[in-house]
Amino acid sequence: YALRGDDCVKAYLKFEALGVSLRKNYLTMTRAIRQQLLNGNTLSRIFGPMDDVKVINSLLLFERIALEMKDQELADACRDVLDPTNPVLLNENSKVISPGWI
């Protein structure tokens, strides 16, 4: 589902109820993506060619908001996936999947 605007993303990251922290869930997901990339997968293979760009946009948005919120841990986790110098971000067509091409 889509988060509309910075305030919605901030609310998402602050949400905790019944032992669920959406920030922790996003951090866990981001780290799992990073591990898949290190294992040789690409964003295109993990999410499909239609959704890999959505993942990148999500990571860029969450990194920016995390920096605004002074959440260095989350910002670093997003940046680790988005690192344009990381060769595992290349898709099957050797196009870099990183903020550098956006």
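This is a predicted model: local features need pLDDT of at least 70, side-chain atom pairs count only at pLDDT 80 or more; totals for chains, interfaces and linings use all residues.
## Ground rules

Buried here means under 20% relative accessible area, exposed means over 50%, and partly exposed is whatever falls in between, using a 1.4 Å probe and protein chains only.

Residues are numbered from 1 along each chain as its sequence is written, and side-chain values use heavy atoms, leaving out hydrogens and water.

## The overall picture

The protein has 5 helices and 2 strands, in the order α-β-β-α-α-α-α along the sequence. Both kinds of element are DSSP runs numbered from the N terminus: helices are H or I with at least four residues, strands are E with at least two.

Of the 102 residues, 34% count as buried. The protein exposes about 6300 Å², with carbon and sulfur atoms supplying 56% of it; these areas come from the Shrake-Rupley method with a 1.4 Å probe, and for residues only the protein chains shown count as cover. Take contacts (heavy atoms within 4.5 Å) with a separation of 6 or more: residues 24 or more positions apart account for 55% of them.

## Helix 4 and its neighbours

Helix 4 covers residues 52–68, which is 17 residues. From first C-alpha to last it reaches 25 Å, close to the 24 Å expected at 1.5 Å a residue, where the expected span is 1.5 Å times one less than the number of residues. Just after this helix, K70 takes a positive phi of about 60 degrees.

The buried residues of helix 4 are D52, V55, I56, L59, F62, E63, I65 and A66. They pack against helix 1 (6–14), helix 2, helix 3 (43–47) and helix 5.

## The nonpolar core

In soluble globular proteins, nonpolar side chains tend to be buried together. A nonpolar core is taken as a set of buried Ala, Val, Leu, Ile, Met, Phe, Trp, Tyr and Cys residues joined through side-chain atoms within 4.5 Å. The largest one here has 21 residues, and L13, Y26, L59, F62 and L74 touch the most other members. Helix 1, helix 2, helix 4 and helix 5 each supply at least two residues of this core.

L74 has contacts with L13, R23, Y26, L27 and A66, not counting residues up to four places away in sequence.

## Salt bridges

The structure holds 9 salt bridges, each being a side-chain nitrogen of Lys or Arg within 4 Å of a carboxyl oxygen of Asp or Glu. One of them pairs R31 with E73, with the closest N and O atoms 2.9 Å apart. That pair links distant parts of the chain: R31 sits in helix 2 (residues 22–38) and E73 in helix 5 (residues 72–82), 42 residues apart. R31 is partly exposed at 45% relative accessibility, and E73 is partly exposed at 40%.

D51 and K54 also meet in a salt bridge, at 3.1 Å from N to O; D51 is partly exposed at 31%, whereas K54 is exposed at 55%. D76 and R79 form another, with the closest N and O atoms 3.1 Å apart. Both lie in helix 5, 3 residues apart, about one turn of the helix. D76 is partly exposed, with a relative accessible area of 32%. Elsewhere, salt bridges that share partners join D6, K10, R64 and E68 into one network.
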